[in-house]
2 protein chains.
Amino acid sequence: MDVRAALSDLISIGDRRFIPHLAVDCAILGFHAGELKVLLLRWHGSERWSLPGGFVEKNEPLDLAAERVLRERTGLDEIYLHQFHAFGGTDRHEDDLVPSFRSLGIEVPLDHWLVNRIVSVGYVALVDFAKATPKPDALAAECRWWDMHERPPLLFDHDEIVTRALESVRVQLDTAPIAASLLPDTFAMPELLRLYQTVLGRPLDRRNFQRRILELGLVERVPENGKRAGRVGRPGHLYRWVGKDAG
Amino acid sequence: MDVRAALSDLISIGDRRFIPHLAVDCAILGFHAGELKVLLLRWHGSERWSLPGGFVEKNEPLDLAAERVLRERTGLDEIYLHQFHAFGGTDRHEDDLVPSFRSLGIEVPLDHWLVNRIVSVGYVALVDFAKATPKPDALAAECRWWDMHERPPLLFDHDEIVTRALESVRVQLDTAPIAASLLPDTFAMPELLRLYQTVLGRPLDRRNFQRRILELGLVERVPENGKRAGRVGRPGHLYRWVGKDAG
């Protein structure tokens with residue numbers, strides 16, 4: 001089905017398929033070359049960018065709707081995906097999309113729920129940057145990674161969603177398998193340190209960091225050449241996550 | 001308007017007033033005599049209990065919908081209210097309510113969204129037990145406090161909602177003004193200790209607790225008889241929250 005047919009269907013019979021007024025938005029984060037990245041979509045007929053999102057099917061659990069958006073935009077599944085907040089202000093509406101629809105020759109009735117109030121449940125996903133293949137959805141002309149700190153101003157309230165997504169990642173950095181989702185299966189200690197510094201947005205003392213991380217028991221040294229894995233870290237040593245297969 | 005007229009209206013024209021398929025549920029917690037309490041409703045024509053909740057008006061922010069439910073059920077506002085999770089499984093539907101409607105002589109069409117899938121956003125409220133006056137809503141025959149650990153099994157997935165509400169309170173106990181919402185304006189140190197032990201569900205060492213709480217700078221001793229407030233705590237001393245008017 002082409003883009004215009006898909007959008008026309010969404011307008012005319014979308015509320016048979018979806019729960020009206022409800023959406024998910026995904027802050028999909030990746031880590032590459034010491035920078036935190038966020039996956040953004042640019043809309044047809046617009047220079048504005050937003051987070052990937054989607055509506056929730058009538059018989060689709062909310063979490064699976066978020067997984068679907070993630071899979072459709074990145075080709076990835078079975079990765080760290082965490083619901084963090086529902087955004088329910090009455091100023092949340094998507095009439096900024098009207099010009100995008102119009103640029104495709106499609107008029108949306110202005111009282112249609114699609115361009116009126118939407119309550120959106122925010123999810124944050126952490127993906128291995130190297131494995132994700134960004135793909136735009138029907139409404140988007142472009143889908144690509146942006147450096148978190150160089151991203152353009154976002155449509156709707158998506159800047160607030162990104163800010164709160166980052167807060168939720170910071171709170172859970174040591175307790176959830178967050179860092180493991182953002183690094184390759186084996187890594188050097190300086191890479192892990194850079195990841196923590198980037199996510200937390202502040203410098204950390206290298207030696208204290210290493211001691212604390214090893215004490216937490218989250219990572220272990222990869223044994224080399226049959227030698228027993230030690231706990232002393234030198235920059236050249238590789239580490240891996242405890243309990244995660246080095247697939 | 002009487003109960004039956006209100007319910008008939010909800011069924012026939014509810015989707016003009018509310019966003020269909022969307023609700024808020026509130027875990028309203030209080031603290032009294034060393035016990036954590038939760039406010040529950042019993043439905044008309046049923047022996048089953050649930051959390052108070054409500055639908056979201058078309059032009060009502062989600063947070064204000066939760067505040068409205070809280071105010072209507074307790075007479076309180078301007079208290080600690082925190083959104084913690086959206087519950088969006090496809091097994092969430094409220095057809096357990098059909099007998100309650102029927103007991104009032106009202107038939108709900110089985111394809112009506114009211115008794116079908118509902119996505120509910122969970123809020124937790126912490127209230128001063130002594131100031132709240134429980135009031136049932138139109139669908140409920142009864143509204144009262146239950147000891148958290150002696151509560152009956154709840155309707156729908158409300159036991160899961162209570163469990164996750166408690167988890168979110170535990171995580172934030174030291175950072176949000178949670179304890180302040182559950183105690184009177186001045187209190188003795190053993191009361192605060194009991195509150196922490198009850199919320200955390202485990203015993204705490206009295207001396208370590210007192211030292212840590214004072215170090216956090218959350219509470220201070222109330223000055224007595226013109227004497228300067230000290231930091232040494234004896235059981236008889238009263239404390240108050242730093243930065244909160246002892247109104």
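Predicted model: local features only at pLDDT ≥ 70, side-chain atom pairs only at ≥ 80, totals over all residues.
**Exercise 1. Work out which parts of chain B touch chain A, and what classes of residue they bring.**

Step 1. Start with the head count: chain B puts 19 residues into the contact, and chain A puts in 19 residues.

Step 2. Now look for the elements of chain B behind its side. β1 (18–32), α2 (62–74), β5 (80–87) and β6 (119–127) each supply at least two residues. The largest share, 4 residues, comes from β1(B).

Step 3. Sort that side of chain B by class, and you get 8 nonpolar, 7 polar and 4 charged residues.

Step 4. Check it against the partner: 100% of the interface residues of chain B are also interface residues in chain A, so the copies meet through the same surface.

**Exercise 2. Describe how α6(A) and α7(A) pack: at what angle, and how far apart are their axes?**

Step 1. Pick out α6 (residues 189–200) and α7 (residues 206–216) of chain A; they pack at an angle of about 100 degrees, with axes 11 Å apart.

Step 2. Angles of 65 to 115 degrees count as roughly perpendicular, and α6(A) and α7(A) are therefore roughly perpendicular to each other.

Step 3. Name the residues that meet. From α6(A) come A:Met189, A:Leu192, A:Leu193 and A:Tyr196, and from α7(A) come A:Arg206, A:Phe209, A:Gln210 and A:Ile213.

Step 4. By class, this helix contact has 6 nonpolar, 1 polar and 1 charged residues.

Definitions and conventions
Residues numbered from 1 in each chain as written. Chains lettered and ligands numbered in written order. Contact = placed C-beta atoms within 7 Å. Nonpolar A, V, L, I, M, F, W, Y, C, P; charged D, E, K, R; others polar. Axes fitted to C-alpha atoms, helices over the stretch in contact; angles between N-to-C directions. Parallel < 35°, antiparallel > 145°, perpendicular 65-115°, else oblique.
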